[in-house]
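Take a moment to turn the model around on your screen before reading on. We will then walk through it together, one piece at a time.

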Amino acid sequence: MGSFERELALYETKRQELIVSHLGQYVVIHGDTVLGVYPNFADAYGSGVAEFGQEPFLVRQISTEDPTAQNPALYAGIISAHL
Amino acid sequence: MPIYNFRFNHPNGGPGLFPPGLAFAGAFMPVEIHVPPQMADLLTRDGKPVPDGVSGVAIIDTGATFTSIDESILKGLGLASVGPIVSGTANGPAVHQMYPARIVFPTIPGFDVNAQQAVGVNLTGQAIPTAPKQPPQRIVALIGRNLLANWLFVWNGPAGQWSISF
């Protein structure tokens, strides 16, 4: 679970056209299938669950750049300072 | 627009507020982590039990781009990742998984965040003292800017209180 190699590869092939048509929206991909594009994460996730149930599926916000997470407090050890 | 105030009272029961409490503990509040309603509906329809939510404390972390939730909780609820995300860590970039989650705020009636994306992280052993003479409470989530984007958040250090509105 969690590699999403096929889904991410398919997303890359579709990315430019999705950026033009649906920038900022959310695409749902399962295997080699693009389920659809949705205006927000909740709608995208709900559609994925309705179609694929408990099977893993990719939900990706359509963007020119891949998402990154920054959490300095957690990774610099501030949160883990034992109080 | 309702406004919810959280304040630190004096630890010895004395009068007035206790500003050092806010400086020490930060802006925290009780939360429950649940499966999103879409998944709960699916489980119910399939005749499967919907797992109980997991209670703990969330800290507001304005330095975090995304809200983070202890990954062991998310996996324990049976949730599957909806994709990887690259995180900046002290040791360089690392891949984490994003999960859907419902975050309930039990002290704020009627308020919860449904099907929001959260980064699965290891918060094992993280706890914070939330009241005098009480055992530290387990930290289960760090509320990041993807949720704060929808809230009004006020930190009043001199008064030892903070507020949110949404």
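This is a predicted model: local features need pLDDT of at least 70, side-chain atom pairs count only at pLDDT 80 or more; totals for chains, interfaces and linings use all residues.

For the complex, the predictor gives an ipTM of 0.89 and a pTM of 0.91.

Now widen the view to the whole contact between the chains. Chain A brings 29 residues to the contact and chain B brings 35 residues. On the side of chain A that touches chain B, the elements that give two or more residues are helix 2 (41–52), strand 3 (58–61), strand 4 (68–70) and helix 3 (72–75) of chain A. Helix 2 of chain A provides the largest share of that side, with five residues. And what classes of residue does the side of chain A that touches chain B have? It has 19 nonpolar, eight polar and two charged residues.

Chain A holds three helices and four strands, and along the sequence they follow the pattern α-β-β-α-β-β-α. Of the 83 residues in chain A, 24% are buried. If you consider the contacts in chain A between residues at least 6 apart in sequence, 42% of them join residues at least 24 apart.

Next, find the sheet in chain A. It is an open sheet of three strands in the order 2-1-3, with antiparallel pairing. Strand 2 (33–38) and strand 3 of chain A are the edge strands, each pairing on one side only. From one strand to the next, the twist averages 20°. Strand 1 of chain A, residues 26–30, runs antiparallel to strand 3 of chain A, and four bridges join the two. You can pick out one pairing here: Val27(A) stands opposite Arg60(A) in strand 3 of chain A.

Two helices pack on this sheet. Helix 1 of chain A, residues 5–22, touches strand 1, strand 2 and strand 3 of chain A, and its direction makes about 155° with that of strand 1 of chain A. Helix 2 of chain A also touches strand 1, strand 2 and strand 3 of chain A, and its direction makes about 145° with that of strand 2 of chain A.

Let's move over to chain B. Its pLDDT averages 90, and 100% of the residues score at least 70. Is strand 9 of chain B mostly covered or mostly open? It is mostly covered, with five of its seven residues buried.

Several strands pair with strand 9 of chain B. Strand 3 of chain B, residues 54–60, pairs with strand 9 in the parallel sense over four bridges, and within this pairing Ile60(B) has Ile143(B) as its bridge partner. Strand 4 of chain B, residues 68–70, runs antiparallel to strand 9 and is joined to strand 9 by two bridges; here Ile69(B) stands opposite Ala141(B). Strand 8 of chain B, residues 127–128, also pairs with strand 9 in the antiparallel sense, over two bridges, and Ile128(B) has Gln137(B) as its bridge partner.

Stay with Ala141(B) for a moment. Leaving aside neighbours within four places in sequence, Ala141(B) is in contact with residues including Val31(B), Ile33(B), Ala58(B) and Ile103(B). Ala141(B) is also among the residues with the most contacts inside the largest nonpolar core, together with Val59(A), Ile69(B) and Val140(B). That core has 46 residues, and its largest share, five residues, comes from strand 9 of chain B, residues 137–143.

One more sheet is left to visit. In chain B, an open sheet of three strands has the order 1-11-10, with antiparallel pairing. Its edge strands are strand 1 (3–7) and strand 10 (152–156) of chain B. On average, neighbouring strands of this sheet are turned by 15° against each other, direction ignored. Strand 10 of chain B and strand 11 of chain B, residues 161–165, run antiparallel and are joined by five bridges. To finish, look for Leu152(B), which stands opposite Ser165(B) in strand 11 of chain B.

Terms used
Residues are numbered from 1 along each chain as its sequence is written. Chains are lettered from A and ligands numbered from 1 in the order in which they are written. Two residues are in contact if their C-beta atoms, placed from the backbone, lie within 7 Å. Ala, Val, Leu, Ile, Met, Phe, Trp, Tyr, Cys and Pro count as nonpolar, Asp, Glu, Lys and Arg as charged, and the others, Gly among them, as polar. A residue is buried if 20 or more other C-beta atoms lie within 10 Å of its own, exposed if 12 or fewer, and partly exposed in between; C-beta atoms are placed from the backbone. pLDDT is the predictor's confidence in each residue, from 0 to 100. A nonpolar core is a set of buried Ala, Val, Leu, Ile, Met, Phe, Trp, Tyr and Cys residues joined through C-beta atoms within 7 Å. Two strands pair if DSSP finds at least two bridges between them. Axes are lines fitted to C-alpha atoms, for helices over the stretch in contact, and angles run from 0 to 180 degrees between N-to-C directions.
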